[in-house]
Amino acid sequence: MNDSAPHVAVDQFRTRAERVRSEVEKLVVGQRDLIDGLLTCLLARGHALLEGVPGLGKTVLVRSLASAVELSFSRIQFTPDLMPADIIGTTLIREIAGGQREFAFETGPIFANVVLADEVNRTTPKTQSALLEAMQEHSVTVAKTTHALPDPFLVLATQNPLEMEGTYPLPEAQLDRFLLKLHATFPDHTELHAILDRTTGSERPEVRAVLSRTEILDMQQIVREVAVARHVQDYAVRLLEATHRDRPGAPAMVQRYVRYGASPRGAQACLIAAKTQALLAGRYHVATEDIRRVAKPALRHRLILNFEGEAEGVSSDQVLDEIIAKLPETRG
Amino acid sequence: MLMVGAASAMRCWCGTGPARHKRGRVTQRARAASTQSPDGSNVLAIQRAIDAVRRRVRLQRGLSAAGYAGVAVLALAGLSIAHSRFGRAGSWTTATSWLAIALFVLLVSSALCARVSRLAAAQLIDRANQLPDLMSSAWAFAELPPERRSRFAVAAMADAAAVSGRYSAAVTLPLAWPRVIGAWPLLGVGVLALAQIPAARPAAHTPQAEPLLSEQLLSSDEIERQQRLLERDRKAHVQDASVLELDRAFEALLARVERHAIDRAQLLHELAELDMRARDAATVSAERAGELRELGRAFSSQADTRELGQALERHDLTASRSALDKLAARATPATAPHERRALDKLRAALRSGLTRAEQQRQQRMEQARRTLDSLQREREKEQPGSTGTQQAERQRALDEALRRERANRQRERELDRLERELDQAAAEKPSAPDQTQRALESASETLERMQRDRQRGRTLEGMQERIAELQQQLTDTEARADADAASTPGAPDEAQRVDVERFRAKPHERRSGNSAGDTPADDTAASGTFLPASRENAQTSAEARELKAQRISEEPGPSQAGRPERGRATRSGAADVDVSVAGVIGQGATRRSVIYDAAARGFGTLGYEKVHTDYAQHAEAELEREPLPAGYRHFVHRYFDLIQPEDTHE
């Protein structure tokens with residue numbers, strides 16, 4: 001697909017993405033944005049942090065996605081007593097032929113293409129930090145030996161925003177590793193009916209693998225090729241700059257409630273996610289609208305509000321809404 | 001060259017010419033790409049679509065600019081018309097017209113030639129046609145060198161080129177009339193309404209500069225009013241040569257005032273001249289009226305002519321004529337014998353009245369002759385050292401006597417003619433009544449003539465009143481000018497100049513018959529007054545002062561000329577020192593006048609305060625005695641105000 005004509009590549013990209021989406025939607029009702037977000041992370045080589053109250057189908061969604069693609073999947077239930085070695089793996093002494101013994105690295109559950117880090121905020125920062133290298137470098141280092149993670153590698157973490165007792169909020173460095181932070185929304189009336197129909201009946205829909213690993217890698221490559229005009233990229237840059245209170249042109253809400261703005265990774269996340277969105281929309285180039293669409297999921301977990309913002313219950317989404325509303329497009 | 005420039009500008013405006021700026025280079029590169037790379041045609045297609053929108057944008061901006069420029073032009077036109085209607089037209093109107101044209105051209109041309117970037121135009125296409133940054137991104141990719149374009153960029157350009165023909169510039173940017181055009185009709189109506197207002201009457205004479213306040217003699221309204229009154233007098237059919245001449249002189253004077261071709265002093269002088277002429281003419285009328293009253297008293301004593309006499313006494317000339325007509329009717333040939341007797345009686349009464357009037361007239365003539373002779377004798381014996389005032393008084397009395405003499409002669413001729421006619425009527429036989437009738441008709445004509453004379457007198461009185469009004473106005477305006485000058489530090493010195501010399505010289509010239517070549521300095525020296533000379537004749541005045549000093553050394557002093565009670569001036573022998581004190585300009589109304597004779601020998605021994613008091617009292621008494629125009633009185637008062645001692649100045 002990489003060598004085919006652009007319109008063929010884009011058409012295939014859209015077809016494959018649609019196939020995955022259709023498979024996922026066999027189990028997951030609604031949550032279209034969430035599905036697109038996960039798909040975006042998969043194709044943009046990013047990781048996703050899913051946030052939502054229990055029962056909204058986060059885990060089901062991730063499992064469905066992993067089932068729809070021919071990728072290895074592992075689920076890690078994060079608990080306070082979970083250790084890094086439980087995730088990464090450990091070196092064991094084992095007997096080999098001839099009665100000899102040797103050290104052998106026993107891989108942990110992180111060695112999978114799709115890793116579900118369920119309730120990631122319930123484990124200690126020590127364990128959480130075990131994911132840092134894996135998420136950023138796609139490799140883990142144990143006993144001075146670096147072990148590459150399978151490609152593609154996708155961490156899909158979930159966290160519950162309500163039960164905060166005994167949890168360990170993810171540090172900023174950890175949050176910054178996630179390409180998108182997605183919110184699971186409560187289904188509407190029709191969707192609830194559909195959920196009940198699908199889950200309480202005798203028939204349980206099965207999700208088939210519709211996308212091979214090679215295809216996924218091709219799609220990830222195509223995403224990188226999407227063209228971005230300078231003025232569109234400039235919009236992404238200015239969007240990022242607008243999250244910093246000390247930059248000129250920062251909206252009043254940013255100046256008042258934001259302590260730290262998004263890092264350059266935020267702009268990277270915006271652009272790569274926008275490229276995926278452009279492809280999903282069947283375009284060869286990124287539009288400003290794509291940037292706007294992914295701005296909130298890409299930046300919401302990268303804004304650190306100050307005490308006043310948190311005391312007044314201001315959310316990052318509100319701040320980002322204000323920025324998007326007031327930031328003009330780059331004009332020629 | 002102009003055509004080439006215009007074509008180049010047009011190509012630049014259309015965006016198809018070889019532009020020399022950065023965008024132009026990109027354009028050339030795009031052209032090169034069209035021949036070197038497969039996506040070159042896409043670049044040209046995109047560029048064509050974008051350039052079409054750029055032209056549209058310029059056109060829209062030009063329309064908007066034209067809208068605003070039109071408002072500005074209309075506003076300027078309104079201002080210009082208002083200025084021409086309520087102010088002074090002229091170069092301001094022309095300048096406004098040019099400014100309006102230049103403003104319109106500048107605004108529209110700058111809007112048409114303003115730079116519109118292709119990226120902005122492409123974004124406009126995207127927004128108008130809801131294309132998600134397709135054209136703008138394609139143009140951004142087109143600006144890249146071909147080797148740096150990814151296959152997706154090329155695909156995006158191809159997409160844009162494919163849809164570029166679908167979205168025309170007219171669809172992308174439909175021309176919208178600027179809202180400000182809605183204000184055009186309103187402003188246009190205002191301008192038209194202003195244009196309907198009649199323009200102010202153009203001034204007959206446009207002065208080079210605004211006249212000084214002190215030179216603003218009469219208001220234009222007042223001049224117009226006076227001209228209307230003159231016109232009314234003309235329509236009153238006063239067929240009198242002297243009145244018509246006065247009329248014309250008055251009109252010419254008003255025209256000079258309107259043209260600012262006369263100064264205040266000269267105007268006052270001319271008004272005084274007119275006043276004197278009108279007064280002289282009116283005096284003749286008054287004397288005739290007096291004689292008619294005497295005639296009326298004579299007729300009243302007779303029963304038959306009582307009605308005529310009473311009418312004449314009342315100076316009711318209409319009733320007199322009616323009574324005379326009745327008498328003429330009674331004297332018709334159809335009358336009975338007793339009526340003929342009554343007619344004879346009437347003739348006798350008329351003759352008696354005429355005889356009495358003739359006697360009185362002869363007495364007055366004799367008296368006038370005596371006066372004239374005595375004046376002529378006095379003039380022949382006139383001393384060279386007599387003052388100008390005395391000379392002027394004598395001359396004036398002589399003129400008056402001569403005038404009365406002339407009037408008496410005229411009346412004598414009229415009475416003679418009337419008497420002849422009565423004699424003829426008395427001598428004719430009863431069978432020739434037509435002659436009597438003619439005599440009575442002649443008497444009626446005489447009365448009619450007198451009636452016209454009365455109307456003439458009224459006209460002259462009106463003219464005198466108007467002249468007095470004007471003199472009063474001039475006095476008032478000068479007082480205001482003084483007040484203005486006092487409130488304006490550093491007011492022009494010229495405006496504050498008092499030309500007392502002119503005031504004194506002109507009447508003297510008029511009455512003494514001096515030729516125009518006589519200089520004011522000569523008059524001053526001859527008259528012996530200590531009036532200042534104007535700047536122009538300062539040199540001549542100096543010579544006259546020397547002559548005067550020489551004369552004083554040889555003849556009795558000024559106090560002796562006409563004032564024997566003061567005697568010869570006492571010579572103190574003190575060393576006289578001429579001291580000149582410069583006026584301080586800028587501290588209010590400063591009046592400067594050089595008084596030459598005050599420093600002459602002989603006056604130095606008298607206190608200046610006493611000299612001033614005596615002279616001022618004398619002048620005041622003369623003013624009270626003589627009927628002088630208000631303007632002249634003002635000059636005299638002003639003169640003594642200016643020369644009064646400093647301690648009493650306050």
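The chat below walks through a predicted model with chains A and B.

User: How many helices and strands are there in chain A, to start with?

Analyst: Chain A has 15 helices and 11 strands, and of its 332 residues 45% count as buried. Looking at the contacts in chain A with a separation of 6 or more, 77% are accounted for by residues 24 or more positions apart.

User: And what's the order of the strands in the open sheet of chain A?

Analyst: The open sheet has 5 strands in the order β2-β5-β8-β1-β9 of chain A, with parallel pairing. Its edge strands are β2 (73-77) and β9 (180-183), each of which pairs on one side only. Direction ignored, neighbouring strands of this sheet are turned against each other by 20 degrees on average.

User: Staying at β2(A), how many bridges does it make with β5(A)?

Analyst: Strand β2(A) pairs with β5(A), residues 114-118, in the parallel sense over 5 bridges, and within that pairing A:Arg75 stands opposite A:Leu116 of β5(A).

User: What about β3 and β4 of chain A, parallel or antiparallel?

Analyst: They are antiparallel: β3(A) pairs with β4(A), residues 101-107, over 7 bridges, and A:Gly89 stands opposite A:Thr107 in β4(A). The two strands form a hairpin with 5 residues between them, and A:Gly98 in the turn has a positive phi of about 90 degrees.

User: Switching to helices, at what angle do α1(A) and α3(A) pack?

Analyst: Helix α1(A), residues 6-27, and helix α3(A), residues 58-68, pack at about 140 degrees, with their axes 9 Å apart. That angle makes α1(A) oblique to α3(A), and α1(A) passes α3(A) in a right-handed crossing.

User: Which residues meet there?

Analyst: From α1(A) come A:Val20, A:Glu23, A:Val24 and A:Leu27, and these meet A:Val60, A:Leu61, A:Ser64, A:Leu65 and A:Ala68 in α3(A). By class, the residues of this contact divide into 7 nonpolar, 1 polar and 1 charged.

User: Now chain B. How many residues does each chain put into the contact between A and B?

Analyst: Chain B contributes 18 residues and chain A contributes 17 residues. On the side of chain B that touches chain A, α5 (118-129), α6 (134-143) and α7 (151-164) each supply at least two residues, and α7(B) gives the most, with 6 residues. By class, that side of chain B has 9 nonpolar, 5 polar and 4 charged residues.

User: And how do α6(B) and α7(B) pack, in terms of angle and axes?

Analyst: Their angle is about 125 degrees and their axes are 8 Å apart, which makes α6(B) oblique to α7(B), and the crossing is left-handed. The residues of the contact include B:Phe141 and B:Ala142 of α6(B), together with B:Met157 and B:Val163 of α7(B). By class the contact has 10 nonpolar, 1 polar and 1 charged residues.

User: What about B:Gln130 and B:Asp133, where are they?

Analyst: B:Gln130 is in the loop between α5 and α6 of chain B, and B:Asp133 is found in the loop between α5 and α6 of chain B. Phi of B:Gln130 is near 55 degrees, a positive value in a residue other than glycine, and B:Asp133 has a positive phi of about 55 degrees although it is not a glycine.

User: Is B:Asp133 buried or exposed, and why?

Analyst: B:Asp133 is buried because 29 other C-beta atoms lie within 10 Å, whereas B:Gln130 is exposed, with 7 other C-beta atoms within 10 Å.

How values were computed:
Residues numbered from 1 in each chain as written. Chains lettered and ligands numbered in written order. Predicted model: local features only at pLDDT ≥ 70, side-chain atom pairs only at ≥ 80, totals over all residues. Axes fitted to C-alpha atoms, helices over the stretch in contact; angles between N-to-C directions. Helix = DSSP H or I, 4+ residues; strand = E, 2+ residues; numbered from the N terminus. Parallel < 35°, antiparallel > 145°, perpendicular 65-115°, else oblique. Left-handed = near helix turned anticlockwise from the far one by under 90°. Contact = placed C-beta atoms within 7 Å. Nonpolar A, V, L, I, M, F, W, Y, C, P; charged D, E, K, R; others polar. Pairing = 2+ DSSP bridges. Buried ≥ 20, exposed ≤ 12 C-beta atoms within 10 Å, placed from the backbone.
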